[in-house]
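Hi everyone, thanks for making time. I'd like to walk you through a couple of spots in a structure, so let me put it up on the screen.

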Amino acid sequence: MKTERVLRIEGLTARVGETDILHGVDLEVRPGEVHAVMGPNGSGKSTLAHVLMGRPGYEVTGGSVTLDGIDLLAIPTWERARAGLFLALQHPTEVPGVSLESVIAEAALAVGRSDTGFRDILVAEAARIGFDEKFVSRPLNVDLSGGEKKRNEMLMMGALRPQYAVLDEIDSGLDVDALAAVSLRLQEATEEDGLGVLAITHFSRLLEILEPDRVHVLASGRIQAEGGSELAERLEAEGYAGVLAEAGVSAGLQAEVTPPEVHVAGFGDDPFADPLADPVG
Amino acid sequence: MSAGLPGPDWLASIRRLTVDGLDGVAHPDTDEEVWRYSRIGEVDLDQYSPLKRQRGSDTVVQRDLSAYGEMAGVVVVRNGWVTEVTSSSDSVKAGVYVGPVGNTSDGEALFGAAAEEPADLYGHLNRAFGPEPVAVVVPDGVRLETPIVVVVLTDADRAAVFPRVLVRCGEDAAATVVELHTSTEVDSLVVPVLEATVGRGGYLRHGLVQELGSRVFQLGHQAFRVDQAGRIDAFVAGLGGDYARTRTDCRLVGRGAEGRLAAAYFGERAQTLDFRTFQDHAAPDTRSELLFKGALDGASRSIYTGLIRVRPEAVRTVAHQTNRNVKLSLDAWAESVPNLEIETDDVVCSHASTVSPVDEDQRFFLESRGVPTVAAERLLLEGFFEDVAAEAPHPAVADALRQALADRLDRRDVAHREVGAVAPEAESISGAGTEVPS
């Protein structure tokens, strides 16, 4: 039997710390389709993105997620990536001392591909989005502008060729030119590679170029309204309150939730640490 | 006691005086701040014998130094004795001296030039029992392009070994001196002392690659003294030993002197790597930068305590101190204690210190790109050490560090495969961070 090709989210519930955020999300993304998930602050958009990729601190409490028949929730993050899922982060992490190139090389090795030859791919991908190839060998995201970080995300997506891409606010921090380059690259990926896109966004700017097949409105941890690209236009014009009221929900009831601090200091400085605290024991 | 050791009369007299005074020198105690957290209490001096003569055959020490390319000089010190000296004809022509301190007329002036007083009992013992200090003299105005390499080997068991290296980098001179400290799998006590002075406008780059055997106790001291507009870059790769302590004193005694101290360390098993630093600003317009970074695996421990001292005369001092530690296992432990002692206004000083597991966000980010957990941590650790590796005084030193890290990470990978586990989940942090501009 041929596996049905679809990223399928069914009845997904999740929490961060003690707070339930997702209350049963249902979504299906098929190859080549563009889906937009829009919603007010605190609606659970970012939680949905992170849960799909298995970020520590986000706990699934029910439901299922399958990628072309693979149970994503049963496998670790890196295997989800290997299975064909890509998550573009809203705030791409800075990784001092590690180049984008070396990350892609390790990812290639992990799927049994050669770790050589991808540099040409990265250089070509950089050119496609009007990005300087120097970013390929620089420490990943360190001291880059918000827009450069987002282009780095696209660069990696282009090299990794995922089946489905979840884009968490890819349009935030981008200037008009960068937004156009990124949207165009995504558009091409859907057409050339059959990439399925789940674009999580606040605004409809991204959707002016990257035309969505479906728009889903997430509020209070559930999809509350769905429609075609005309829904995005309505949201732009009327705001969430009107659209959601029509669907019988009030917008923005849920407080913004911050993921739990799982550690205090990373490799970088910790400006918030208490300078008078006892030395480490 | 130290009679019979080689060297000129002045050296014999220093030894005699030191031996006579030993009774009045107390054994270090962990109650002293500079020995706090140390394993000094485990040292039983009766377990070790100072060597009265060079033992064993005169077999040339096999060591591949090809990575250093052309060298201005090579010295091999075995169990404290100089066993090989080679100088390039160019460096001889330029008046550079590399060899036993007794064979140069400058010797007496070199001894004690940076460490006027022994730092502790072990400094006294080095003075009393060090058989043949090495001198490296780069005359005023001589700028060496190629490095001088000093191999310090210990292969005597149950021995107390006292190597000493004395470096003088003259006025407007420039030199790179690399010490490679190694041992066979002996159970010995190694007490190395380095004294280095940098003359006006001179620039010394010093590297220490410490790859002692896993049973060695090392109690080391480095003393740097930098004159006006001179500069020292000192680098340590702390890798071997059961307990390996390195105390570094960097004294900036002339206006505009600069000191850059960097160290990378990686603990495995139950070893302890112990670093004590003193950035001593004793003149105006002096500048010091310190970056010490370490990773601790297994049940290993590290200690970093550092003091920035700005004396009253050292106005317009700029001094920074950063110590970062990554804990790779739940049993690993890192102590990090930065200190400031500032006796004047008009200074810019900062210190920062962290102890933390591998950054979970960074690991997730790499994993989300399809990099398996162990490979992701490996990339992060290699990246963690990149900025400090860039401080190495010679590419071969940076390569030696990277290779040593790769070997340790390989062992770590194997261990994880055998256990079938990956790194521990980020626990609640046992770290403190400070960033105090003054």
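B:C250 counts as buried, because its relative accessibility is 2%. Please keep in mind that this is a predicted model. So where is the closest cysteine sulfur to that of B:C250? It sits in B:C169, 13 Å away, which is too far for a bond. B:C349 is also a buried cysteine, with 1% relative accessibility. For B:C349, the closest cysteine sulfur belongs to B:C250, and at 14 Å that pair is too far apart for a bond as well. With a cut-off of 2.5 Å between sulfurs, the count over all chains is zero disulfides.

Now let's move to a helix. In chain B, α5 covers residues 360-367. At its start, a side-chain oxygen of B:D359 comes to within 3.0 Å of the backbone nitrogen of B:D361. Seven of the eight residues in α5(B) are buried, so the helix is largely enclosed by the rest of the structure. Among those buried residues are B:R363, B:F364, B:F365 and B:E367.

B:E367 is the one I'd like you to look at. What does a buried glutamate like B:E367 have around it? No salt bridge: B:R363, the nearest side chain of opposite charge, is 4.4 Å away, and the cut-off is 4 Å. Setting aside neighbours within four places in sequence, B:E367 touches B:T373 and B:A376 in chain B, plus A:T77, A:W78 and A:A81 from chain A.

That's my tour, and I'm happy to take questions!

Notes: Residues numbered from 1 in each chain as written. Chains lettered and ligands numbered in written order. Predicted model: local features only at pLDDT ≥ 70, side-chain atom pairs only at ≥ 80, totals over all residues. Heavy atoms only, no water. Buried < 20%, exposed > 50% of the residue type's maximum accessible area, 1.4 Å probe, protein only. Helix = DSSP H or I, 4+ residues; strand = E, 2+ residues; numbered from the N terminus. Lys, Arg positive; Asp, Glu negative; His and termini not counted. Contact = heavy atoms within 4.5 Å. Polar contact = N/O pair within 3.5 Å; in protein donor to acceptor, adjacent residues only side chain to side chain.
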